[in-house]
Amino acid sequence: MFTIAEALILLGTDDEKGTAVSSASSSLNYGLTGSILSELAMMGRIELKDGKVILADDTLTEISYFNTVIDEIKEDHKERTVEHWINHFSGNTKAINDPVYLSLVDKGILKEEDKTYFLFFNTNVYPTVDARPEQEIRKHVNDVVFNNREADSEIAMLLSLIKTCDLTAEVFGRERKEEADKKLAEIIENNEYGKAVSKTVQDMEAAILMATTTVVTTTVIMNNN
């Protein structure tokens with residue numbers, strides 16, 4: 001069983017290099033934060049109030065990066081927008097990215113390695129050691145998109161983030177990208193999975209996707225200038 005964040009990381013990480021695939025190099029951090037906020041909304045931990053994120057339940061979970069988000073929202077003492085939190089957490093790799101990657105290391109799916117660039121710049125990379133979980137996730141989302149398999153709320157949100165993070169070709173194949181994009185747009189627009197969750201969660205997810213898309217688009221434009 002994986003969180004949306006873990007599934008997104010597996011799909012968006014180059015198996016050999018252990019870093020974000022090129023198409024998602026500017027967006028994966030933002031999608032990762034969006035996935036965590038979304039799952040916390042599904043769990044009833046956060047809600048939207050007048051466009052601001054508020055804690056509905058500050059009970060901690062068994063997942064460290066969920067708890068980090070809960071604690072920081074609680075300690076801020078000021079209601080802030082979804083876009084604020086996406087920007088805030090996306091810039092803090094030690095709080096969010098590293099724990100998500102390390103959770104997959106603990107599960108024996110990735111391994112942690114030190115990588116040196118330009119002789120002096122060190123960073124951690126996370127190549128794959130067990131490809132089976134990612135293959136299962138890929139099969140699942142392909143079945144939803146191309147074989148009419150029903151999407152629950154988690155898979156529907158994952159599909160939305162795949163599109164937002166420009167991972168469509170990576171996940172569904174370059175030759176089927178156009179077809180997959182159309183199918184993803186239909187799934188996101190119809191939002192049938194929303195019937196299974198509360199209006200509050202639907203509103204939160206819509207705000208998360210809008211904020212994530214805005215931040216990702218802005219970042220890509222800035223990086224290209």
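Author: Gladly, and please keep in mind that this is a predicted model.

Reader: Is Arg 138 buried or exposed? And what about Glu 170?

Author: Arg 138 counts as buried, because its relative accessibility is 18% and the cut-off for buried is under 20%. Glu 170, at 31% relative accessibility, counts as partly exposed.

Reader: Staying with α6, which of its residues are buried?

Author: The buried residues of α6 are Pro 133, Glu 134, Ile 137, Arg 138, Val 141, Asn 142, Asp 143, Val 144, Val 145 and Phe 146.

Reader: What span should α6 have at 1.5 Å a residue, and what do its end C-alpha atoms give?

Author: The 15 residues of α6 should span 21 Å, and the end C-alpha atoms are 21 Å apart, which agrees. After α6 comes Asn 148, which has a positive phi, near 60 degrees.

Reader: Back to charges: how many salt bridges does the structure hold?

Author: There are 13 salt bridges in the structure. One of them joins Lys 74 to Asp 58, with 3.0 Å between the closest N and O atoms. Lys 74 belongs to helix α3 (residues 64-76) while Asp 58 is in the loop between β2 (52-55) and α3, so the pair ties together parts that are 16 residues apart in sequence. Both ends are partly exposed, Lys 74 with a relative accessible area of 44% and Asp 58 at 35% relative accessibility.

Reader: And what is the N to O distance for Lys 111 and Glu 113?

Author: The side chains of Lys 111 and Glu 113 meet in a salt bridge at 3.1 Å, N to O. Lys 111 is partly exposed at 37% relative accessibility, and Glu 113 is partly exposed as well, with a relative accessible area of 33%.

Reader: Which residues does Val 105 touch, leaving out those up to four places away in sequence?

Author: Val 105 touches Leu 110, Lys 111, Glu 112 and Tyr 126. Val 105 is found in helix α5 (residues 97-106) and is partly exposed, with a relative accessible area of 23%. Its C-alpha atom is 9.1 Å from that of Val 129, a residue 24 places away along the chain.

Reader: Changing topic, how much space lies in the largest pocket?

Author: About 510 Å³. The pocket is lined by 20 residues, and the closest to its centre are Thr 93, Asn 97, Tyr 101, Thr 123 and Asn 124.

Reader: Which element supplies the largest share of that lining?

Author: That is β5, with four residues; α2 (28-42), α5 and β5 (121-125) each supply at least two.

Reader: How do the lining residues divide into nonpolar, polar and charged?

Author: The lining has 10 nonpolar, eight polar and two charged residues.

Note on methods:
Residues numbered from 1 in each chain as written. Predicted model: local features only at pLDDT ≥ 70, side-chain atom pairs only at ≥ 80, totals over all residues. Heavy atoms only, no water. Salt bridge = Lys/Arg side-chain N within 4 Å of Asp/Glu carboxyl O. Buried < 20%, exposed > 50% of the residue type's maximum accessible area, 1.4 Å probe, protein only. Contact = heavy atoms within 4.5 Å. 1 Å grid on protein atoms, 1.4 Å probe; cavity = no way out; pocket = protein on both sides within 12 Å on 5 of 7 lines; lining within 4 Å. Points joined across faces, edges and corners; volume = space filled by probe spheres on them. Nonpolar A, V, L, I, M, F, W, Y, C, P; charged D, E, K, R; others polar. Expected span 1.5 Å × (residues − 1).
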